[in-house]
Amino acid sequence: MLNKDAYQAVMAAFAQSVGAGPEHHVLVVEDGGGFHVPALQGHPVGIQTVTLPPYSPELQPVERLWKLTDATLANQCFESLDDLQTTLGEQCAWLETQPDLLTRHTLFHWWPLYRN
């Protein structure tokens, strides 16, 4: 369930996983989801957020991925929800092995290129 508590837990886990802190700052770009509310003490140390303007799907990289995930679902009638989830899961697993394809669909020319 997406809610404020879940959001705060995810942000804390994310901050820890990327090593955010006083010496390592991470910028998180968010949409205007109503649950994107930091804890009373604010975001974890080292995490800063920028909220996209309302009604700006062209700025959200995930919006450009739907055609890749929908490709295996379009024009099909699944026998069950499990069948649909299996098909979508297989497509998502395949997409994880295609970083160049994902980059072509989500990397905006004005974003700095991040490399590990």
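Predicted model: local features only at pLDDT ≥ 70, side-chain atom pairs only at ≥ 80, totals over all residues.

Biologist: Noted. How many residues does helix 1 have, and what does it span?

Modeller: Helix 1 runs over residues 4-18 and has 15 residues. From first C-alpha to last it reaches 21 Å, close to the 21 Å expected.

Biologist: Which residues of helix 1 are buried?

Modeller: Tyr-7, Met-11 and Ala-15 are buried there. They sit on the same side of helix 1, because they cover an arc of only 70° around the axis.

Biologist: What do those buried residues pack against?

Modeller: The buried residues of helix 1 pack against strand 1 (26-30) and strand 2 (47-51).

Biologist: And which exposed residues are on the face turned away?

Modeller: That face of helix 1 carries Asp-5, Val-10, Gln-16 and Ser-17, which are exposed.

Biologist: What happens at the start of helix 1?

Modeller: There, a side-chain oxygen of Asn-3 comes within 3.0 Å of the backbone nitrogen of Asp-5.

Biologist: Which residue follows helix 1?

Modeller: Gly-19 does. The phi of Gly-19 is positive, near 70°.

Biologist: Now the core. Which residues make up the largest nonpolar core?

Modeller: Seven residues in all: Tyr-7, Met-11, Ala-15, Ala-20, Val-26, Val-28 and Ile-47. Helix 1 and strand 1 are the elements that give two or more residues to this core. Helix 1 gives the most, with three residues.

Biologist: Take Val-28. What does Val-28 touch, leaving out residues up to four places away in sequence?

Modeller: Val-28 touches Met-11, Phe-14, Ile-47, Gln-48, Thr-49 and Val-50. Two of those names, Met-11 and Ile-47, also belong to the largest nonpolar core.

Biologist: Switching topic. How many disulfides are there?

Modeller: The structure holds zero disulfides.

Biologist: What about cysteine exposure, say Cys-77: buried or exposed?

Modeller: Cys-77 counts as exposed, because its relative accessibility is 77%. Cys-92 has a relative accessible area of 33%, so Cys-92 is partly exposed.

Biologist: Next, Gln-91. Where does Gln-91 lie?

Modeller: Gln-91 is in helix 3, which covers residues 81-96.

Biologist: Buried or exposed?

Modeller: Gln-91 is buried, because its relative accessibility is 13%. The cut-off for buried is under 20%.

Biologist: What does the side chain of Gln-91 reach?

Modeller: The side chain of Gln-91 reaches the backbone oxygen of Leu-68, at 2.8 Å. Setting aside residues up to four places away in sequence, Gln-91 touches Leu-68, Thr-69 and Thr-72.

Biologist: How far apart are Gln-91 and Thr-69?

Modeller: In sequence, Gln-91 and Thr-69 are 22 residues apart. In space, the C-alpha to C-alpha distance is 6.4 Å.

Biologist: On to helix 4. Which residues are buried there?

Modeller: Leu-101, His-105 and Thr-106 are the buried residues of helix 4. They lie on the same side of helix 4, because their arc around the axis is only 115°.

Biologist: What covers them?

Modeller: The cover for the buried residues of helix 4 includes helix 2 (66-70) and helix 3.

Biologist: Tell me about Thr-106. What does its side chain contact?

Modeller: A polar atom of the Thr-106 side chain lies 2.7 Å from the backbone oxygen of Leu-102. Thr-106 belongs to helix 4, residues 99-106. With a relative accessible area of 17%, Thr-106 is buried.

Biologist: And the other face of helix 4, which exposed residues are there?

Modeller: Asp-100 and Arg-104 are the exposed residues on the face of helix 4 turned away from its buried side.

Biologist: Why does Arg-104 count as exposed?

Modeller: Because its relative accessibility is 60%. The cut-off for exposed is over 50%.

Biologist: Last one. How far is Arg-104 from Arg-64?

Modeller: Arg-104 and Arg-64 are 9.7 Å apart, C-alpha to C-alpha. In sequence, 40 residues separate Arg-104 and Arg-64.

Notes
Residues numbered from 1 in each chain as written. Heavy atoms only, no water. Disulfide = S-S within 2.5 Å. Buried < 20%, exposed > 50% of the residue type's maximum accessible area, 1.4 Å probe, protein only. Helix = DSSP H or I, 4+ residues; strand = E, 2+ residues; numbered from the N terminus. Contact = heavy atoms within 4.5 Å. Polar contact = N/O pair within 3.5 Å; in protein donor to acceptor, adjacent residues only side chain to side chain. Expected span 1.5 Å × (residues − 1). Arc of directions from axis to C-beta. Core = buried A, V, L, I, M, F, W, Y, C linked by side-chain atoms within 4.5 Å.
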